[in-house]
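Here is a briefing on one protein chain. Please keep the sequence and the 3D view open while reading.

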Amino acid sequence: MAFFDEFQKLWVLIISCLLFQYVSAFYLPGSFPHKYGVGDQLSVKVNSLTSVETEIPYGYYTMPFCKPSEGVKDSAENLGELLMGDRIENSPYRFKMYVNQSDIFLCTSNPLSADEFKIFKERIDQVYQVNLNLDNLPAIRYLNRDGFFLRWTGYPIGTKVQDNYYIFNHLKFNVLVHKHEKTNVAGVIGAGDGAELITTNDEPTTDLKGYMVVGFEVVPCSFQHNSKLLKDLTNYSTYPSPIKCDPAAVAMPVKEGQPLTFSYEVSFLDSNIKWPSRWDAYLKMEGSKVHWFSILNSLMVITFLAGIVLIIFLRTIRRDLARYEELDKEAQLNEELSGWKLVVGDVFRPPDASEFLCVLVADGCRIMGMAIATIFFAALGFMSPASRGALLTGMLFFYMFLGILAGYIAVWLFKTMKYGDSSGWFSVSWRVACFFPGIAFIILTILNFLLWGSHSTGAIPFSTYIVLLLLWFCVSVPLTLIGGFLGTRSWHIEYPTRTNQIPREIPGQRLPSWLLVLGAGTLPFGTLFIELFFILSSIWLGRVYYVFGFLLIVLILVVVVCAEVSVVLTYMHLCVEDWRWWWKSFFASGSVAFYIFMYSINYMVFDLKSLSGPISAILYMGYSLLMAIAVMLATGAIGFLSSLVFVHRLFSSVKID
């Protein structure tokens with residue numbers, strides 16, 4: 001049953017995306033305003049427990065917290081949430097709009113067993129955070145310490161003072177609300193916490209009175225309840241004596257064999273924050289000036305350097321072409337000619353493992369197309385942080401349907417290398433459909449076994465595994481095969497020269513050519529490493545990444561630099577009479593993945609110093625390896641196709657005898 005629910009949610013998302021393009025103005029799913037009347041019920045939801053010291057999330061109800069009377073219900077809205085390890089569930093906390101409540105008794109747990117006490121100590125030592133959501137807004141906590149104003153999303157389970165453990169068992173909620181204002185933006189019913197349509201007509205209406213949630217703050221406290229006063233209390237009744245919430249003091253110890261009592265209070269505060277600006281508190285990034293300056297500096301330096309390389313390159317090519325045009329006699333040609341024109345009979349010789357190269361280039365084009373499409377729509381606001389999991393869902397969506405492009409490019413390139421012969425296209429298309437998804441599936445399965453063994457919510461549920469496999473073999477594979485079939489009907493590049501039967505001997509070089517190829521990746525890496533820091537911080541430190549406009553600019557710049565670096569390296573190899581440029585052009589730009597992987601290790605050592613446990617380290621390295629492979633394929637494909645076009649144009653521009 002869970003499988004059909006996941007499959008239904010996926011297709012609802014796809015259909016919704018198709019319908020949204022016909023709406024002139026709308027709010028995105030999960031981010032449209034929800035109006036509440038005074039006294040309306042507000043439901044707080046819980047997410048997975050997370051920690052920056054370990055990358056293993058756990059379900060909220062794996063701890064002996066209070067449970068809702070109606071039972072625990074899953075509230076995940078899309079496939080991306082499940083893949084990210086989010087487990088959105090209902091909670092026992094209940095508010096009424098604009099109704100302040102204080103000293104609300106929630107429940108008393110059973111006496112802690114030895115295992116539960118051990119889990120509490122481990123979670124507190126590893127600084128696990130409780131994550132709550134109200135109206136799709138995460139709970140945020142503010143603290144003024146040593147003159148610095150700090151903020152976090154969520155609150156810690158407890159704290160350790162000397163050798164004793166204390167739990168934050170009383171929560172003080174502040175809900176910021178703003179009076180509903182009439183808007184001219186049409187709303188749509190979507191998959192958010194609310195479910196109501198906000199119209200755009202200008203006629204006065206009487207049902208627009210109400211409030212919208214624009215902020216959700218939490219203050220955790222540790223309070224020792226009087227056991228004598230708890231005997232006659234029921235859930236949601238008022239505690240007989242006032243509860244003083246002091247965040248700086250701890251009073252409720254966690255002890256084996258002792259129960260835990262939970263309570264809360266809620267206050268509603270009027271705020272000048274308007275609904276479209278309610279995410280500003282979460283999107284404020286420390287060091288924003290450094291971020292802007294670094295991105296602009298990198299953009300200017302790389303653009304200037306790429307321009308200089310391009311100018312020098314064009315001048316060199318023109319000089320060579322002019323010199324070769326003057327050599328019109330065969331004797332003179334044999335005596336004076338040297339460089340790239342000598343390899344005219346071998347430059348288009350098919351490389352070793354040509355089918356595998358076609359597969360890598362096609363998969364790289366698919367990944368690059370997915371990245372550009374996803375970041376473009378994210379920069380337009382279609383995948384805002386308010387829509388949990390939307391970014392990952394969009395990536396899967398684009399990757400699947402770009403299978404047509406991957407199959408087409410693979411067969412087209414294979415047909416070009418085989419001088420127009422497209423026999424064997426089905427095998428090439430099948431390899432494209434299975435190569436990178438197979439690598440990702442193997443890595444994720446290994447990591448998933450580790451998460452399953454840790455009973456973590458980061459593990460992909462079995463039903464979601466089935467959905468992913470169905471999407472792979474029922475959507476992605478057929479589309480890739482269709483693209484391959486279309487590739488057999490397309491044109492192919494015709495080489496301007498004939499290939500000799502016997503390969504030309506390559507002169508010896510002072511330095512290995514692969515050393516130059518590996519060093520070529522430093523230039524693309526210099527373009528993106530600053531943005532890479534913010535991306536890794538978003539993934540592993542829980543910071544919200546939202547500057548997709550900058551990311552789109554950096555991505556375009558990386559594409560340009562990869563193309564130029566690969567073309568320059570290819571020309572240098574041809575000048576020393578090395579005609580084996582095919583694979584080297586791929587790895588010249590694809591070698592940036594090596595530096596990204598090394599930077600990921602550096603980030604783990606110096607920025608994730610508190611990362612504890614071998615499982616967390618394996619998870620980090622596994623995901624970093626998968627990211628590096630994807631980057632290698634994408635950048636390598638750009639470099640190879642650029643070099644292919646360059647070599648074809650170069651040898652087509654000079655008259656060959």
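In which helix is Phe651 found? Phe651 is found in helix α17, which covers residues 614–652. The model is predicted. Mean pLDDT for the chain is 82. The points below cover confidence, the nonpolar cores, aromatic pairs, charges over rings and one hairpin.

**Confidence**

- In this chain, 83% of the residues reach a pLDDT of 70 or more.
- Helix α1 (residues 2–20) has the lowest mean pLDDT among the elements, at 40. Strand β14 (residues 261–270) has the highest, at 95.
- Residues 184–207 stay under 50 in pLDDT. The model still gives this stretch 52 contacts beyond four places in sequence.
- Residues 329–336 are also below 50. That stretch has five contacts beyond near neighbours in sequence.

**Nonpolar cores**

- The largest nonpolar core holds 142 residues. Tyr93, Phe95, Leu132, Phe173, Phe216, Phe640 and Phe651 touch the most other members.
- Helix α17 gives the most to this core, with 15 residues.
- Is Phe651 buried or exposed? Its relative accessible area is 1%, under the 20% cut-off, so Phe651 counts as buried.
- Phe651 and Pro496 are 155 residues apart along the chain, yet their C-alpha atoms are separated by 6.7 Å.
- Phe640 has contacts beyond four places in sequence with Leu357, Val361, Leu413, Met417, Ser566, Trp581, Trp582, Ser585 and Phe586.
- A second, separate core has nine residues, among them Leu79, Ile460, Leu471 and Val475.

**Aromatic pairs**

- The whole structure contains 48 aromatic pairs.
- How are the rings of Phe65 and Phe262 arranged? Their centres are 5.9 Å apart and their planes stand at 85°, which is over 60, so the pair is edge-to-face.
- Phe65 sits in the loop between β1 (41–46) and α2 (79–83), while Phe262 belongs to strand β14. The pair therefore ties together parts 197 residues apart in sequence.
- Phe65 and Phe262 are both buried.
- Trp412 and Trp491 have ring centres 5.8 Å apart and planes at 65°. That angle is over 60, so this pair is edge-to-face.
- Trp412 is in helix α9 (residues 403–417), and Trp491 is in the loop between α11 (462–488) and α12 (513–519). The pair therefore ties together parts 79 residues apart in sequence.
- The reason is the cut-offs: buried means under 20% and exposed means over 50%.
- One aromatic cluster is formed by Phe356, Phe435, Trp514, Trp583, Phe586 and Phe587.

**Charges over rings**

- Arg366 places its charged end over the ring of Tyr399, 4.0 Å from the ring centre.
- Arg349 lies over the face of Trp579, at 5.7 Å from the ring centre.

**Hairpin**

- Strands β10 (residues 158–161) and β11 (residues 164–167) run antiparallel and are joined by four bridges.
- Which residue in β11 is the bridge partner of Gly158? The partner is Ile167.
- Two residues lie between β10 and β11 in this hairpin. Gln162, in the turn, has a positive phi of about 60°.

Notes. Residues numbered from 1 in each chain as written. Predicted model: local features only at pLDDT ≥ 70, side-chain atom pairs only at ≥ 80, totals over all residues. Heavy atoms only, no water. Buried < 20%, exposed > 50% of the residue type's maximum accessible area, 1.4 Å probe, protein only. Pairing = 2+ DSSP bridges. pLDDT = per-residue confidence, 0-100. Contact = heavy atoms within 4.5 Å. Phe/Tyr/Trp six-rings, centres within 6.5 Å; stacked < 30°, edge-to-face > 60°. Lys NZ or Arg CZ within 6 Å of the ring centre and 35° of its normal. Core = buried A, V, L, I, M, F, W, Y, C linked by side-chain atoms within 4.5 Å.
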